[in-house]
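I opened my notebook to look up the pockets in this structure. I wanted to know what lines them.

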Amino acid sequence: MAETTRITVTLPSEQVAEPRKLTDNISGHVAETVTRRLRHQLLGADLLRYQEEHGEFTKEELAQARSRIFGAADLDGAE
């Protein structure tokens, strides 16, 4: 198990009410959300760094990435 540190976080009541409908483990829910946010930020930084070194992604590269992430149905990039 990972080492943990106890902190206090103050949130608006409505932001606490919704996760409580999903789980009794609010700490775990918050930890998962923070982890996901950090991964998202790190991935964004990696993608920017890649584009700085290799140029912007082409439409074809973006379509291929969407296909891998969302499945073949989204090849045109439409939502």
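My entries on the pockets follow.

**Entry on the largest pocket**

I noted first that this is a predicted model. I then looked up the volume of the largest pocket, and it is about 730 Å³. Its lining has 20 residues. I checked which of them are the closest to the centre and found Ile7, Ile26, Ser27, Gly28 and Val30.

Which helices each supply at least two residues of this lining? I found helix H1, spanning 13-22, and helix H2, spanning 26-54. H2 gives the most, with seven residues.

I sorted the lining of the largest pocket by class. Ten residues are nonpolar, seven are polar and three are charged.

**Entry on the second largest pocket**

I turned to the second largest pocket next. Its space comes to about 380 Å³. The elements that give two or more residues to its lining are H2 and helix H3, which covers 59-70.

Which element has the largest share of this lining? I found that H3 does, with eight residues.

I wrote down the lining residues by name. They are Leu43, Leu47, Phe57, Glu61, Leu62, Gln64, Ala65, Arg66, Arg68, Ile69 and Phe70. By class, I counted seven nonpolar, one polar and three charged residues in the lining of the second largest pocket.

**Entry on H2**

Note on methods. Residues numbered from 1 in each chain as written. Predicted model: local features only at pLDDT ≥ 70, side-chain atom pairs only at ≥ 80, totals over all residues. Heavy atoms only, no water. 1 Å grid on protein atoms, 1.4 Å probe; cavity = no way out; pocket = protein on both sides within 12 Å on 5 of 7 lines; lining within 4 Å. Points joined across faces, edges and corners; volume = space filled by probe spheres on them. Helix = DSSP H or I, 4+ residues; strand = E, 2+ residues; numbered from the N terminus. Nonpolar A, V, L, I, M, F, W, Y, C, P; charged D, E, K, R; others polar.
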